[in-house]
Amino acid sequence: QVVPARQNRGLGSWALAAVERIARDRGRVAVRLRCFPINPAYRLYQRSGYAVVEAGEHADWLEKPTGEPGASATG
């Protein structure tokens, strides 16, 4: 969670990219998270390529493939 005073500075995107890189380097095929649709971060997840894989009554599960294990996002 990013405190409100530090939001909208790219920290959330940076944190997601770091988690995705760690997951990929560890051989994971996807990152999955759970979020309430009313949470402002929900839009960040969608912009970052996360898709709803399970819609819940209150919160949704979103997932993003990590790509090939050991592959770098920068090439």
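The legends below describe close-up views of a predicted model.

Local features are given only where pLDDT is at least 70, and side-chain atom pairs count only at pLDDT 80 or more, while totals for chains, interfaces and linings use all residues. Residues are numbered from 1 along each chain as its sequence is written, and side-chain values use heavy atoms, with hydrogens and water left out.

**View 1. Strand 1 and strand 3 pair in antiparallel fashion.**
The two strands are joined by 6 bridges. Pairing requires at least two DSSP bridges between the strands. Strand 1 covers residues 30-35, and strand 3 covers residues 60-65. Helices and strands here are DSSP runs, numbered from the N terminus: helices are H or I with at least four residues, strands are E with at least two. Strand 1 has two faces. Val31, Leu33 and Cys35 form the covered one. Ala30, Arg32 and Arg34 form the uncovered one.

**View 2. The largest nonpolar core holds 10 residues.**
Its members are Leu16, Ala23, Val31, Leu33, Cys35, Tyr42, Leu44, Tyr45, Tyr50 and Leu62. Helix 1 (11-25), strand 1 and helix 2 (41-47) each give two or more residues to this core. A nonpolar core is a set of buried Ala, Val, Leu, Ile, Met, Phe, Trp, Tyr and Cys residues joined through side-chain atoms within 4.5 Å. Buried means under 20% relative accessible area, exposed over 50%, and partly exposed in between (1.4 Å probe, protein chains only).

**View 3. Leu16 sits in helix 1 and belongs to the core.**
Leu16 counts as buried because its relative accessibility is 11%. Beyond four places in sequence, Leu16 is in contact with Leu33, Leu44, Tyr45, Ser48 and Tyr50. Contact means heavy atoms within 4.5 Å. Leu16 and Tyr45 are 29 residues apart along the chain. Their C-alpha atoms are separated by 8.4 Å.

**View 4. Val31 is a core residue in strand 1.**
With 10% relative accessibility, Val31 counts as buried. Setting aside residues within four places in sequence, Val31 is in contact with Val19, Glu20, Ala23, Tyr50, Leu62, Glu63, Lys64 and Thr66. Val31 and Tyr50 lie 19 residues apart in sequence. The C-alpha to C-alpha distance of this pair is 8.6 Å. Ala23, another core member, touches Arg28, Val31 and Thr66, not counting residues up to four places away.

**View 5. Thr66 lies in the segment after strand 3.**
Thr66 counts as buried, at 6% relative accessibility. Thr66 touches Glu20, Ala23, Arg24, Arg28, Val29, Ala30 and Val31, with residues up to four places away in sequence left out.

**View 6. The whole structure contains 2 salt bridges.**
A salt bridge is a side-chain nitrogen of Lys or Arg within 4 Å of a carboxyl oxygen of Asp or Glu. One joins the side chains of Lys64 and Glu20, at 3.2 Å from N to O. Lys64 lies in strand 3 and Glu20 in helix 1, so this pair ties together parts that are 44 residues apart in sequence. Both Lys64 and Glu20 are buried. Arg32 and Glu63 also form a salt bridge, with the closest N and O atoms 2.9 Å apart. Arg32 is in strand 1 and Glu63 in strand 3, so the pair ties together parts 31 residues apart in sequence. Arg32 is partly exposed, at 44% relative accessible area. Glu63 is also partly exposed, at 24%.

**View 7. Asp60 is buried but has no salt bridge.**
The nearest side chain of opposite charge is Arg34, 7.6 Å away. Lys and Arg count as positive and Asp and Glu as negative; His and the chain ends are not counted. A polar atom of the Asp60 side chain lies 3.1 Å from the backbone nitrogen of Gly56. Asp60 touches Leu33, Arg34, Cys35, Pro37, Tyr42, Val52, Glu54 and Ala55, not counting residues up to four places away in sequence.

**View 8. Asn8 has a positive phi.**
The angle is near 65°, in a residue other than glycine. Most residues other than glycine have a negative phi. Asn8 lies in the segment before helix 1. Asn8 counts as exposed, at 82% relative accessibility.

Methods. A polar contact is a pair of N or O atoms within 3.5 Å; within protein, one must be able to donate a hydrogen and the other to accept it, and residues adjacent in sequence count only if both atoms are side-chain atoms.
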